[in-house]
Amino acid sequence: RRRVLEASQQLTEIINSETSAESPEPTGEAEPADEEESALHFLWVDKFTPRRYMELLSDDYTNRCLLKWLKLWDTVVFGKEKAVRKAKPSAEAHPPFNQPKEQQNKWKTKVQLTEEILEAELDQHKRPKYKVALLCGPPGLGKTTLAHVIAKHVGYNAVEMNASDDRSPEVFKTRIEAATQMKSVLGADEKPNCLIIDEIDGAPAASINVLLNIIHRKDGEGEAAAGTGRRRRREGGLLLRPIICICNDQ
């Protein structure tokens, strides 16, 4: 024990001497003591916030549903083919009690029904059937944290905007299109954006209509008229990035 303590003390002295030699002389612009003091005064919600998927303490069913929905965008965003799940032959060959199909669907659990909805076929542009996810619940439940952690977990760059701040529909539309159509150029390995719209229940009706128009926007291909094509280009392209909306009042 004495030898271990002596070795650890020597290692501590070496580390301290190296750090003191590498650290530059303190200037008047930034004081190290101030930085250490500010680091000690983090809010607990920031200091202990979950940073990985396994650290989330929110409802596991909600976490898995949002993760599954976000993974459906892999085909159009990352170019990954959708994994086809093989159905269990025993379940198909021997339905319980030989019940008709309608009666079987009646007794499915919420998890099974949700998985069937999320496993729906992708549309012609290889996008999932539902383009927007809505997280709702009381304040402090961890909705924004959940959206950021899962977006980072899947490989997106989370871009957050507050719908209550941008009351103008024009500004609202510009910010949505900038986040969903423009690439992130921060760093060499750029990641696609995942837009997180917070406080969507505080947005005016005009802004909600703008969001719906962007979601339901059709492809401009196959339109013969040149004027129509120019109008489509002016309106913007298809929505090819996921959008997660967050609200308190559903």
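**Exercise 1.** In this predicted model, which side chain makes a polar contact with the side chain of E160? Place E160 in the fold and describe its surroundings.

*Solution.* 
1. The partner is H148: its side chain and that of E160 form a polar contact at 2.8 Å.
2. E160 belongs to strand β2, which covers residues 157-162.
3. Setting aside neighbours within four places in sequence, E160 is in contact with T144, H148, R175, I196 and D198.
4. The C-alpha atoms of E160 and I197 are 6.0 Å apart, although 37 residues separate them along the chain.

**Exercise 2.** Decide whether E160 is buried, partly exposed or exposed.

*Solution.* 
1. The relative accessibility of E160 is 39%.
2. Buried would require under 20%, and exposed over 50%.
3. E160 therefore counts as partly exposed, at 39%.

**Exercise 3.** Find the buried residues of helix α11 and explain why they line one face of the helix.

*Solution.* 
1. Helix α11 spans residues 205-215, and its buried residues are S207, V210, L211, I214 and I215.
2. Viewed down the axis of α11, these buried residues fall within an arc of 135°, so they line one face.
3. The face turned away from the buried side carries the exposed residues A205 and N213.
4. The cover over the buried residues of α11 includes strands β1 (132-136), β3 (193-198) and β4 (243-247), together with helix α10 (169-181).

**Exercise 4.** Describe the largest nonpolar core and state which element supplies the largest share of it.

*Solution.* 
1. This core has 23 residues, and those touching the most other members are L66, W69, L70, L135, I150, Y156 and I244.
2. At least two residues come from each of α4 (60-71), β1, α9 (143-154), β3 and β4.
3. The largest share is that of α9, with 6 residues.
4. Take L70 as one member: beyond four places in sequence, L70 touches I150, A151, V154, Y156, C194 and P242.
5. Another core, of 17 residues, lies apart from the largest one; among its residues are A163, F172, I215 and I243.
6. As background, nonpolar side chains tend to be buried together in soluble globular proteins.

**Exercise 5.** Summarise the chain: how many helices and strands are there, and what share of the residues is buried?

*Solution.* 
1. The chain has 12 helices and 4 strands.
2. It is 250 residues in length, and 26% of them count as buried.
3. Counting contacts between residues at least 6 apart in sequence, 77% join residues at least 24 apart.

Technical notes: Residues numbered from 1 in each chain as written. Predicted model: local features only at pLDDT ≥ 70, side-chain atom pairs only at ≥ 80, totals over all residues. Heavy atoms only, no water. Buried < 20%, exposed > 50% of the residue type's maximum accessible area, 1.4 Å probe, protein only. Arc of directions from axis to C-beta. Contact = heavy atoms within 4.5 Å. Core = buried A, V, L, I, M, F, W, Y, C linked by side-chain atoms within 4.5 Å. Polar contact = N/O pair within 3.5 Å; in protein donor to acceptor, adjacent residues only side chain to side chain.
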